[in-house]
Amino acid sequence: MSDFLPTGIQLTYLVAASLFILGLKKLGSPATARNGNVIAAVGMLLAIVATMLDQHVLNYEMILLGLAIGSAIGAIAAYKVQMTEMPQMVGLLNGLGGAASALVAVAEFWRLLDSSQAIPLDVNISMLLDVLIGGVTFTGSFLAFAKLQGLISGSPITFPFQQPFNLLLLGAYVVGSAYLIVTPDSLPIFLAVVAVSLVLGVMFVIPIGGGDMPVVISLLNSLSGVAASAAGFVVMNNMLIIAGALVGASGIILTEIMCKAMNRSLFSVLFSAFGSAAASGGGAAGSTGDQTVRSIDPEEGAMMLGYARSVVIVPGYGMAVAQAQHSVRELADQLERMGVDVKYAIHPVAGRMPGHMNVLLAEANVAYTQLYDMDDINPQFEQADVALVIGANDVVNPAARSDTNSPIYGMPILEVDRAKQTIVIKRGMSTGFAGVDNELFYKDKTTMLFGSAKDMVSKLVSEVKQL
């Protein structure tokens, strides 16, 4: 029996890893994402049970207590969190994952130090990497949470000699790590390395604007996986290594997809402080220079929508802020009852996290079959009678396609300007995070419906019902 247990544990880990991979595959489609989440959760349950059967695990009481407390907090948080606050929730979870991994390295260092055992070189290197990646993920994710929650400014925060200071911090980490490799039993130096890693996480995120949060959250998610994998090497746990590698790889792939959707490099996102010079636009209808915008009221907008044959709804961050997803669903249902074909166009970086719009619309029970990604919906805009833009800005700006001097030139956009008519619901004429005017607002086929997304969509619903 004692010979079978280690083999059984490793076989269980293999099954769990297979379930993780299958779950990740199913997470690639909104239609199968729920099942994928369940499959991956079953894999995690198997991994936890197998780990608790490992002979190296001695204190079951503390583990069960931690499981109980963590499960209670997680259940309450999942029940109470609003779907519009999911980006903040993801940021917190990324940070806690990084902190847990870093604490594994700290605890193992402390254990080896107390036992007066020699720290093997491979374990030492793994601990140092774990502390760095986990520490950066922890403080970086919590700072991202603070920006998204509005606790601090979402604008990039920069100061003179910021990059040299960051390099100095990184150099201090490298020097400290080199010293610990030579002299691995120095607790003050190890704690100093931990502190430097935490500060690096703060410096990593503060120069990044709120508009780049989808990329940042995706990258921090990847880092939390890499930290977990490093922790697996520290404690020699194959399951932790595999699970962390899967999260790290999938996260960096998603990060690359996000960067491609913004036509920017990851380096540009992290170090250019994009949006720091964003201008604030004016109020409602009016003119900018010799360009004039046309505004309408909800009654006119309802007539345009109600007598259309096809409508494409383009949700953006403004819809999330106003929590207008349920009103949008009600409007779409009313239009469909009138025989209008309604579709939703989803830009990869709309919102504040990857898939933000999908999550919000799913909460409002919008059918997955009505959601179209950018590549699929763009060829259909020319046949659409009305494109209804709700709180989106840069992701529908035609300047990305035509103005070579624009900072967003080359960024793939939803080509709503090709529709026969475009209605834009927006509070005012302010710019998006890129800090540039949106050419769409001044097009002859564009009309502006100024006001809160939730209020304006609700008024559109009322007016459409009267047609």
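Reader: How do the axes of helix α13 and helix α17 come together, and at roughly how many degrees do they cross?

Author: Start with the general idea. Two packed helices are described by the angle between their axes and the distance between the axes. An axis here is a line fitted to C-alpha atoms, for helices over the stretch in contact, and angles run from 0 to 180 degrees between N-to-C directions. Helices (H or I, at least four residues) and strands (E, at least two) are DSSP runs, numbered from the N terminus. In this structure, the axes of α13 (residues 325-337) and α17 (residues 453-465) cross at roughly 20 degrees and come within 9 Å.

Author: A word on the source. This is a predicted model, in which local features need pLDDT of at least 70 and side-chain atom pairs count only at pLDDT 80 or more, while totals for chains, interfaces and linings use all residues. Residues are numbered from 1 along each chain as its sequence is written, and side-chain values use heavy atoms, with hydrogens and water left out.

Reader: Which word describes how α13 and α17 lie to each other?

Author: Angles under 35 degrees count as roughly parallel, over 145 as roughly antiparallel, 65 to 115 as roughly perpendicular and the rest as oblique. The helices α13 and α17 are therefore roughly parallel to each other.

Reader: Is the crossing of α13 and α17 left-handed or right-handed?

Author: A crossing is left-handed if the near helix is turned anticlockwise from the far one by less than a right angle, and right-handed if clockwise. For α13 and α17 the crossing is left-handed.

Reader: Which residues in α13 and α17 meet?

Author: Contact means heavy atoms within 4.5 Å. From α13, the residues are S327, V328, E330, L331, Q334 and L335, and they meet K454, V457, S458, L460, V461, V464 and K465 in α17. Sorted by class, this contact has 7 nonpolar, 3 polar and 3 charged residues. In this sorting Ala, Val, Leu, Ile, Met, Phe, Trp, Tyr, Cys and Pro count as nonpolar, Asp, Glu, Lys and Arg as charged, and the others, Gly among them, as polar.

Reader: How do the axes of α5 and helix α7 cross?

Author: The axes of α5 and α7 (residues 187-205) come within 7 Å and cross at roughly 35 degrees. This crossing is right-handed. The residues in the contact of α5 with α7 divide into 15 nonpolar, 5 polar and 1 charged.

Reader: At roughly what angle do the axes of α5 and helix α8 cross?

Author: The angle is roughly 155 degrees, and the axes of α5 and α8 (residues 213-235) come within 8 Å. That makes α5 roughly antiparallel to α8. The crossing of α5 and α8 is left-handed. In their contact there are 16 nonpolar, 6 polar and 2 charged residues.

Reader: Where is F161 found, and is F161 buried or exposed?

Author: Buried means under 20% relative accessible area, exposed over 50%, partly exposed in between (1.4 Å probe, protein chains only). F161 is in the loop between α5 (121-149) and α6 (162-182). F161 counts as exposed, because its relative accessibility is 69%. Its phi is near 60 degrees, a positive value in a residue other than glycine.

Reader: What is the phi of Q323?

Author: Q323 is not a glycine either, yet its phi is positive, at about 55 degrees. It sits in the loop between α12 (317-322) and α13. With 36% relative accessibility, Q323 counts as partly exposed.

Reader: How many helices and strands does the protein have, and how does its radius of gyration agree with a compact globule?

Author: The secondary structure comes to 17 helices and 8 strands. The radius of gyration is taken over C-alpha atoms, and the globule rule is 2.2 Å times the number of residues to the power 0.38. For 467 residues, a compact globule would have a radius near 23 Å, and the protein has 25 Å, which agrees. Of the 467 residues, 48% are buried.
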